[in-house]
Structures are given as structure tokens and as C-alpha cells.
Amino acid sequence: MVKRQLQRMLDAIESEVRFTSNMIGKKALDPKVMSAMSNTPREKFVPKFYSDYAFDNGPLPIGHGQTISQPYIVALMTDLLELEADDVVLEIGTGSGYQAAILSQLCKQVYSIEYVPELADMAKARLKKLGYNNIEMKAGNGYDGWPEHGPYDGIIITAAASHIPKPLIEQLKPGGRMVIPVGQHHMYQELQLVEKDENGELSIKDILGVAFVPFRGERND
Ligand code: SAH
């Protein structure tokens with residue numbers, strides 16, 4: 001049963017990728033990303049109450065007013081990072097831990113920061129129970145990043161920011177990539193791909209419109 005539902009989710013991601021191919025600049029995602037999506041039990045990351053919907057291609061509530069992102073968006077953001085096996089990645093907004101679990105299968109180490117302490121505790125316990133052992137987490141404001149472990153090959157922000165936090169730009173390695181939803185509106189942001197070249201110059205590309213929960217505790221820098 002779960003297998004059939006999972007296949008339906010993978011098919012839905014593939015068809016949405018084809019549907020949006022003009023915007024995202026590709027007709028299919030990296031097979032390694034799709035296989036991480038296929039190997040991760042999304043039903044274990046959503047509240048029991050929603051387990052029947054775990055494989056729908058949509059976001060779901062995870063408590064504290066937060067959501068687990070839509071599978072297509074998780075896959076797309078992961079794909080945009082173009083991770084390699086040796087990479088170290090920083091995630092801001094652990095939420096359920098699902099995105100961190102996907103990333104952990106495609107790189108060496110994931111660091112993830114969650115603003116809501118209760119969600120951070122739940123995600124930590126869940127990831128440990130499921131045996132993901134290359135994810136380190138902490139509760140706090142991800143605006144400041146996690147400088148002790150940086151710089152990072154990839155940074156992924158899964159809450160909508162009004163601007164790209166300066167500390168995160170500083171903690172991105174030359175040659176590294178960042179994906180972040182940027183926008184003032186609660187219901188609409190632009191998913192941006194930020195690339196830092198070997199000289200530290202940034203280039204920013206708009207990918208497509210998305211709807212994330214707001215970034216909390218933003219600062220002005
Ligand atoms: N990646 C998550 C999606 C989480 S939704 C998943 O796979 O389930 C976004 C999360 O970002 C929420 O849990 C929210 O509490 C968190 N968040 C919002 N602002 C934050 C901040 N400044 N620092 C860290 N986490 C933040």
C-alpha cells in the first residue's frame with residue numbers, strides 16, 4: 001500500500017517538474033535526488049492524524065503553525081543545490097526533519113537549525129530513531145547561521161525571508177549554492193538560487209513562485 005502511494009508521489013513530482021520545466025530550466029531532476037525521495041519514509045515525518053495524506057504532493061501541518069513542505073518543492077530545492085558526496089550543508093528551518101533526511105543521503109554532513117524548540121526536539125528524536133547519523137541540529141535563530149561548522153557547500157532556507165541574511169552569505173563557500181524563498185508576502189515568494197563564484201561574487205537567479213511559512217526573528221543588516 002505504502003509502496004503504491006510512494007510511487008504516486010514520485011510520479012506527481014516528475015509530472016510537476018515537466019509542467020514547470022520552462023521555469024526551472026530542466027525536464028527532470030537528478031536521479032540521485034529522486035532516489036533519496038524514494039528511500040525516505042515521509043509517513044514517519046507527518047503527524048499520525050495526517051498519515052493517510054503523507055504521500056500527497058502537498059504541504060501538511062506539523063504543529064506550532066508550521067508545515068512540512070510539498071514533496072515537489074523539497075526535491076526541487078535539493079536538486080538546485082547540486083550536492084556532491086563530500087559536501088557539508090546548512091539548513092535553516094528543520095521543521096519535521098524531512099528535508100534534512102533527504103539532504104543527508106546526498107552529502108557528507110547536514111547541520112540544521114530550528115526556531116521552535118519543541119519542533120527541534122521532535123525532529124532530533126525522529127531522525128535519531130530512523131538512523132540518520134550525519135545530521136546535527138540545534139534550536140535557535142538561523143538568521144545568524146552556524147559559523148562554527150562553516151563555510152558550507154550548500155545552504156537551504158525553508159522559511160520565507162524578506163532578504164537574504166548577510167551571515168548566511170558569509171558562511172557560503174566560494175563555489176557554493178544557496179536556495180532561499182524571498183518575498184514580503186505571506187502567500188507568495190520567489191524561490192532564488194544564489195551562487196557564489198570562486199572570487200566571492202554572487203549571482204542570483206529567480207526560479208519560481210512559492211509559498212513558505214514566514215522566517216521568524218529576522219534582523220536588519
Ligand atoms: N524543512 C522543513 C520545513 C519546515 S517549515 C521540513 O522538511 O519539514 C519552516 C520551518 O522554519 C518551521 O519549522 C519554522 O519554525 C522554521 N523557522 C522559521 N524561522 C526560522 C529561523 N529564523 N531560524 C530557524 N528556523 C526557522
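Author: The account below begins with the nonpolar core and ends with the ligand.

This is a predicted model, in which local features need pLDDT of at least 70 and side-chain atom pairs count only at pLDDT 80 or more, while totals for chains, interfaces and linings use all residues. Residues are numbered from 1 along each chain as its sequence is written, and side-chain values use heavy atoms, with hydrogens and water left out.

A nonpolar core is a set of buried Ala, Val, Leu, Ile, Met, Phe, Trp, Tyr and Cys residues joined through side-chain atoms within 4.5 Å; buried means under 20% relative accessible area, exposed over 50%, and partly exposed in between, with a 1.4 Å probe and protein chains only. The largest such core has 53 residues, and within it Ile 13 and Met 37 touch the most other members. Helix H4, residues 71–81, gives the most to this core, namely 8 residues. Helices (H or I, at least four residues) and strands (E, at least two) are DSSP runs, numbered from the N terminus. A second, separate core has 20 residues, among them Ile 155, Ala 161, Leu 168 and Leu 172.

Helix H4 is largely enclosed by the rest of the structure, because 11 of its 11 residues are buried. Among these buried residues are Pro 71, Val 74 and Ala 75. After H4 comes Glu 82, with a positive phi near 45°.

Phe 55 is found in the loop between helix H3 (31–39) and strand E1 (60–63). Its relative accessibility is 6%, so Phe 55 counts as buried. Beyond four places in sequence, Phe 55 is in contact with Val 2, Gln 5, Leu 6, Met 9, Arg 42 and Glu 43. Of these, Arg 42 is 13 residues away in sequence, with 6.9 Å between the two C-alpha atoms.

The ligand has 26 residues around it, and Ser 96, Glu 114, Asn 141, Gly 142 and Arg 216 come nearest; a residue is counted here if one of its heavy atoms lies within 4 Å. A polar side-chain atom of Glu 114 lies 2.6 Å from an oxygen atom of the ligand. A side-chain N or O atom of Asn 141 is 2.8 Å from a ligand nitrogen atom, and a backbone N or O atom of Gly 93 lies 2.9 Å from a nitrogen atom of the ligand.

Conventions:
Polar contact = N/O pair within 3.5 Å; in protein donor to acceptor, adjacent residues only side chain to side chain. Contact = heavy atoms within 4.5 Å.
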